[in-house]
Amino acid sequence: MNISVVICAYTERRWEDVHAAVASVRAQSRPPEEIVLVVDHNPDLRTRLSASLPDAVVVENAEGRGLSGGKNTGVAVARGDVVAFLDDDAVAAPGWLDAFAGHYDDPRVMGVGGRTLALWPGSPSSERLRLGHPPPGGDDPTEGGRRPGWFPEEFDWTVGCTYRGMTPGPIRNLMGGNASFRREAFTVAGGFAGGIGRDHGRRPLGCEETEFCIRLRQAAPKAELIYDDAAVIWHRVPDERARFAYFRERCYAEGLSKALVTRSVGAQDGLASERAHALRTLPRGAVRGLREAACGDLGGLGRAAAITVGLAWTAWGYAVGSASGIRATHRPVPTGADR
């Protein structure tokens, strides 16, 4: 079993982040088949990365601008039996690929995702991590930096991280920045859908991996997707994403994205996990926040309030998105098996 690692990049502002991500893949206890860097319609960045990282496969996004097209391009280029995706502003723990590989002996497993921890403001810089500074927690990984006191763990998905409520084992969908898929998955389901997920627009949209995972399970009902918390990465959270304004905007954008997902795969599958999260995990989180506030942790009031606002803004975004009538687009992705 060999694993190709795909990293999608788009901006020079993440120069150090991209190099830290690549260094963490090079340092894996299980070497990757290759590192594929997909540059999203930025020829200057592609030229610079090709010169700076000669051992990586650096290619231009061959599809439309955005993360879905970049991932599809990476899949088309990759040679591995499994394709793993790592965000360009993340670093992987040394056993990341080993944890993925351990599940693929089971032929039912079509995808494996891992645990994503936050590098909040105040964490070691990407340059220091690239030069060998240990990530937070060492052998017992933890998030780094200073989490805002009002930020509830139930909404860590707003900063691309594993959130309270996720448990190891079979799962409906993986999180896109820390995921791997067997190559056949893209033959069965096609690629990531256009018109959904991150692009260069103002709104922080998402869910391209959610839509893909659900569509894959609909096409192959016996397929398994696994969340393994031993496959650890750290994801950088810059100052602007640790603010309440971004939190609120990200929740609204998630609602818009969820409307696209449900229009593509149906509301029953598209909202199954969200219903459970909204009806069980979030009320418990709000009560926990109030209880902690009563015990003297005033940040608990902020967390309880943020949970309420986050749920309301996500629901509002979903209502607006549902009324818009916009649909995602699907197209097949050529893979090594097709070439």
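A salt bridge is a side-chain nitrogen of Lys or Arg within 4 Å of a carboxyl oxygen of Asp or Glu. With that in hand, select R172, R250, E254, K258 and E274: salt bridges link them in a network.

Before moving on, a note on the model. It is predicted, so local features need pLDDT of at least 70 and side-chain atom pairs count only at pLDDT 80 or more, while totals for chains, interfaces and linings use all residues. Residues are numbered from 1 along each chain as its sequence is written, and side-chain values use heavy atoms, with hydrogens and water left out.

**Stop 1: salt bridges across the chain**

The whole structure holds 22 salt bridges. Select E16 and R130, whose closest N and O atoms are 3.3 Å apart. This pair links distant parts of the chain: E16 sits in helix α1 (residues 15–26) and R130 in helix α5 (residues 126–130), 114 residues apart. Helices are DSSP runs of H or I with at least four residues, strands are runs of E with at least two, and both are numbered from the N terminus. E16 has 30% relative accessibility, so it counts as partly exposed. The scale is this: buried means under 20% relative accessible area, exposed over 50%, and partly exposed in between (1.4 Å probe, protein chains only). R130 is partly exposed too, at 31%.

Go next to K71 and E208. Their salt bridge has its closest N and O atoms 3.2 Å apart. K71 is in helix α3 (residues 67–77) and E208 in helix α7 (residues 208–219), 137 residues apart. Are these residues buried or exposed? K71 is buried, with a relative accessible area of 3%. E208 is buried, also with 3%.

**Stop 2: aromatic rings**

Rings of Phe, Tyr and Trp (its six-membered ring) pair if their centres lie within 6.5 Å; planes under 30 degrees apart count as stacked, over 60 as edge-to-face and the rest as tilted. The count comes to 17 aromatic pairs. Select W150 and F151: their ring centres are 5.0 Å apart and their planes at 35°, so the pair is tilted. W150 is partly exposed at 22%, whereas F151 is buried at 1%. Now widen the selection to W120, W150, F151, F155, W157, F244 and F247, a cluster linked by ring pairs.

**Stop 3: T116 in a strand**

Select T116 in strand β6 (residues 109–119). Its relative accessibility is 3%, so T116 is buried. Which side chain does the T116 side chain meet in a polar contact? It is that of N178, at 3.4 Å. Such a contact is a pair of N or O atoms within 3.5 Å; within protein, one must be able to donate a hydrogen and the other to accept it, and residues adjacent in sequence count only if both atoms are side-chain atoms. Beyond its neighbours within four places in sequence, T116 is in contact (heavy atoms within 4.5 Å) with G160, C161, T162, N178, I233 and H235.

**Stop 4: H41 in a loop**

Find H41 in the loop between β2 (34–39) and α2 (43–52). Most residues other than glycine have a negative phi. H41 has a positive phi, near 55°. At 33% relative accessibility, H41 is partly exposed.

**Last stop: R284**

Select R284 in helix α10 (residues 272–294). R284 is exposed, at 54%. Its C-alpha atom is separated by 9.6 Å from that of A304, 20 residues apart along the chain.
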